[in-house]
Amino acid sequence: MIVTLAGGVGAARFLEGVVQVVPPETITVIVNTGDDITLHGLYISPDVDIVTYTLAGIVEPVNGWGIAGDSTNTLGMLKQLGADTWFLLGDRDLAVHIRRTELMRAGHTLAEIADDFRRALGVASQVLPMCNEPVSTHIETDAGLMHFEHFLVQRHAQDRVLGVQFVGAEAARPTPGVLEAIRDAEAILIAPSNPIVSVGTILAVPGVQAAIAATPAPVVAVSPIVGGAAIKGPAAPMLTALGYEVSAYGVARCYAGLIDAMVIDTVDADLADGIRALGIEVVITNTIMRGLAEKRALAQAALDAAHQVVTK
Ligand code: FO1
């Protein structure tokens with residue numbers, strides 16, 4: 001079994017490659033739920049949905065979130081009725097949030113619901129929210145403490161980042177199956193996701209980091225920072241705020257002691273020696289995923305890196 005730690009769009013694109021090179025039913029994806037938010041009375045789980053829609057082949061391809069070809073009639077009406085509609089929710093996407101909220105009210109867990117939905121949408125890989133308890137990533141900024149989605153989407157990441165809080169993380173427990181999957185994995189792949197607010201949130205769930213440190217499986221991370229900038233999203237100001245440099249080396253420092261190897265982009269080849277000095281093997285390849293062939297090649301490079309670690 002291949003275990004992947006995943007945030008949103010970058011992870012989902014990487015997973016599109018992983019399912020090309022290993023049988024999808026042998027993949028378990030542990031997904032960040034720190035971005036989860038309640039809007040219009042509905043529970044929204046952006047990263048779980050992004051991963052599920054992508055693996056189901058229905059994601060909106062340009063943004064990488066939402067459903068391809070979705071309409072926005074409901075949001076338009078909500079706006080007319082005075083609702084604050086800063087978070088774009090399509091009609092079919094809203095159906096998912098309505099059904100999730102209904103099932104949660106009936107006592108089902110986030111993990112049970114994610115499993116139901118991925119099966120209903122024809123996804124063969126296991127999609128495991130990191131925990132069933134509510135955890136919400138908050139960003140400390142010069143404009144105050146705010147939920148990650150308020151920071152990113154409502155305020156366009158305009159505020160200066162001072163720190164990050166994973167509210168509720170201490171009381172969370174890894175979803176049943178998460179620790180076992182990490183222990184028994186053939187390889188653990190950390191997707192090219194934000195190391196602070198996507199992967200960092202998963203690692204903040206008590207027990208997860210220790211399980212990764214203890215697993216006999218090789219652990220390989222793919223850098224989401226290429227040429228000193230994030231491929232997508234607000235990783236740069238977060239790395240800076242927490243004292244890491246905005247580079248593949250900074251990402252390696254976040255994961256030092258936890259990973260065996262890291263895949264970095266060819267433009268960052270000069271960082272390899274510094275990363276190796278942290279005790280991390282380095283694989284240098286193209287990490288920009290424009291099409292399916294590049295996604296597949298990156299997934300294969302990560303798996304090859306895992307294999308190298310094992311056979312060394
Ligand atoms: N990202 C945006 O930048 N603007 C949006 O309006 C938006 C809506 C949205 C709706 C559902 C969903 O699953 C994701 C959505 N995202 C949107 C993406 C999301 O904010 C982030 O990219 C992830 O939380 C980060 O992984």
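User: How many residues of the lining of the second largest pocket are nonpolar, polar and charged?

Analyst: Twelve are nonpolar, two are polar and none is charged. Ala, Val, Leu, Ile, Met, Phe, Trp, Tyr, Cys and Pro count as nonpolar, Asp, Glu, Lys and Arg as charged, and the others, Gly among them, as polar. This is a predicted model: local features need pLDDT of at least 70, side-chain atom pairs count only at pLDDT 80 or more, and totals for chains, interfaces and linings use all residues. Residues are numbered from 1 along each chain as its sequence is written, and side-chain values use heavy atoms, without hydrogens and water.

User: What makes a space a pocket, and what makes a residue part of its lining?

Analyst: On a 1 Å grid over the protein atoms alone, a pocket is an open set of points where a 1.4 Å probe fits, with protein on both sides within 12 Å along at least five of seven lines. Lining residues have an atom within 4 Å of a point. The second largest pocket holds about 220 Å³ of space. Its 14 lining residues include Pro195, Ile196, Gly200, Leu203 and Cys254, the closest to its centre.

User: How much space lies in the largest pocket?

Analyst: About 820 Å³. A volume is the space filled by probe spheres set on the points, which are joined across faces, edges and corners. Of 37 lining residues, Val9, Ile50, Trp65, Leu152 and Lys232 are the closest to the centre. By class, the lining has 21 nonpolar, nine polar and seven charged residues. Helix α2 (46–56) gives the largest share, five residues. Helices are DSSP runs of H or I with at least four residues, strands are E runs of at least two, and both are numbered from the N terminus.

User: Why is strand β1 called mostly covered?

Analyst: Five of its five residues (2–6) are buried, which means under 20% relative accessible area with a 1.4 Å probe, protein chains only. Ile2, Thr4 and Ala6 point one way, and Val3 and Leu5 the other.

Terms used. Buried means under 20% relative accessible area, exposed over 50%, partly exposed in between (1.4 Å probe, protein chains only).
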